[in-house]
Structure formats: structure tokens, C-alpha cells
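Visitor: I am new to this structure and would like a short tour of its side-chain contacts. Could you show it to me, please?
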Amino acid sequence: MADGRQLGRWALGCWQTEPDDDSADDGLVRGHSLFDGQPTWVRPVVEPQRPSAARPPEGAHTAAEGAGTPLSAARPPEGAHTVAEGAGTPASVVYHVGRSPNALTARIRATVQPVHTPGTLHADGAPRPDGASCRISLHAERPGDMDDARWLRLVRCHEVEVLLIQAQLRLLQAAQPPATPVCNPCGEAR
């Protein structure tokens, strides 16, 4: 999620990214929108992990809850143990986006949250003993000058982009041999 070159494999607004010649050393990449072919510059910035980010404040709404997405999309499956319950902390990548390298705005955030769901499967259908997986969510800030049609397109793009990320992660997982099961809490291989 933090590798700008990989961004071009799933971000519809920044396709086929490549390092920006003038700023490649600070993570800036340039891609092209699949909608209008215009160049887009992005600088992914990894945010430090913070335990407080694991659960929003009481009464707060997540982007998924506030954007008309069913509430179930904003929460892990029933029975899942999230980072707020001690499994780790979420990691975030903030994407600074713009039509030029000198006009970037932090508008998109990807959050990767470890989730332990009993009974999850490997990509090949074999049971995964540890049930470890993650939930990835994309959140966008709507600039004041963005009209409703453009905002709806962005929301729909993010829905597709999450599916593209999921598919690519499954391909990577299928290409790797399953890890040796480990007996927890002793840490010995079974």
C-alpha cells in the first residue's frame, strides 16, 4: 500500500505509476488517470501506528458508515478480533495527490487493520489455522470544489480499487507456500 510503484496496479486515477524523475528519492510517483489520461502525482506517506486509531471515539462515524455504505462494511465480521482487542495496531498510508508535483494535498488514506477471524481459508481453499487476515479501507476527503458527480465517481472507484487490492493480494498469497503452523502461545511448530 505504501509503495507508489504498486499504486499504479490498483488506483484507477493513477494508473501505471513510475517514479517522478525530479523527486523519485522522496517517494513521489506519476501515473495517469484512466478517465481522462491526465497525469497525476502521488506521494504515499506511512503514518506511525497509534493504538488510539484502532477504534473511533464513541459516537464517531467511519467513512463507510457516513457514506451510505452498509454498517457491516465498516466493521469486521461477527466473532472477529480486531486490533482494538490487542491483536496489533492499524497501519495507515496517506496519499498526497495532485495534478502537479508542487500542488499535492493529503486527501486519501488507506488503513490496514489486522483481523483474526476463526476459520478463514488460504487462497487455495485450505484452512488457515491461525485465521489471520486484514481489513483494508480507503477514506477520501472531499474538496469543497468537487461536484456531486465527481464525488460519486471517486466513491465508486474506491469500491473497485478495494476489490483490485484484494485480488492482487490473493494472487500473491496463492504464489507463496503456506506457512508452517505454529502452536501458540508456546511458538513451537506443529
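Visitor: Are arginine 30 and aspartate 20 buried or exposed?

Guide: Arginine 30 and aspartate 20 are buried, where buried means under 20% relative accessible area, exposed over 50%, and partly exposed in between (1.4 Å probe, protein chains only). Please note that this is a predicted model, in which local features need pLDDT of at least 70 and side-chain atom pairs count only at pLDDT 80 or more, while totals for chains, interfaces and linings use all residues. Residues are numbered from 1 along each chain as its sequence is written, and side-chain values use heavy atoms, with hydrogens and water left out.

Visitor: What do the side chains of arginine 30 and aspartate 20 form?

Guide: They meet in a salt bridge, at 3.4 Å from N to O. A salt bridge is a side-chain nitrogen of Lys or Arg within 4 Å of a carboxyl oxygen of Asp or Glu. Arginine 30 lies in strand E2 (residues 29-32) and aspartate 20 in the loop between E1 and E2, ten residues apart. Helices (H or I, at least four residues) and strands (E, at least two) are DSSP runs, numbered from the N terminus. Glu18, Asp20 and Arg30 are linked in a network of salt bridges.

Visitor: How many salt bridges are there by this rule?

Guide: The count comes to eight. Among them, arginine 109 pairs with glutamate 47, and their closest N and O atoms are 2.6 Å apart. Arginine 109 belongs to strand E6 (residues 105-116) and glutamate 47 to strand E3 (residues 39-47), so this pair ties together parts 62 residues apart in sequence.

Visitor: Turning to rings, how many aromatic pairs does the structure hold?

Guide: It holds one aromatic pair. The ring centres of tryptophan 10 and tyrosine 95 are 6.1 Å apart and the planes stand at 75 degrees, so the pair is edge-to-face. Rings of Phe, Tyr and Trp (its six-membered ring) pair if their centres lie within 6.5 Å; planes under 30 degrees apart count as stacked, over 60 as edge-to-face and the rest as tilted.

Visitor: Is tyrosine 95 buried or exposed?

Guide: Tyrosine 95 is buried, at 2% relative accessibility. Tryptophan 10 is also buried, with a relative accessible area of 7%.

Visitor: And how many disulfides does a search find?

Guide: The search of the whole structure finds zero disulfides, a disulfide being a pair of cysteine sulfur atoms within 2.5 Å. Cysteine 14 is buried at 3% relative accessibility, and cysteine 157 is buried at 9%.
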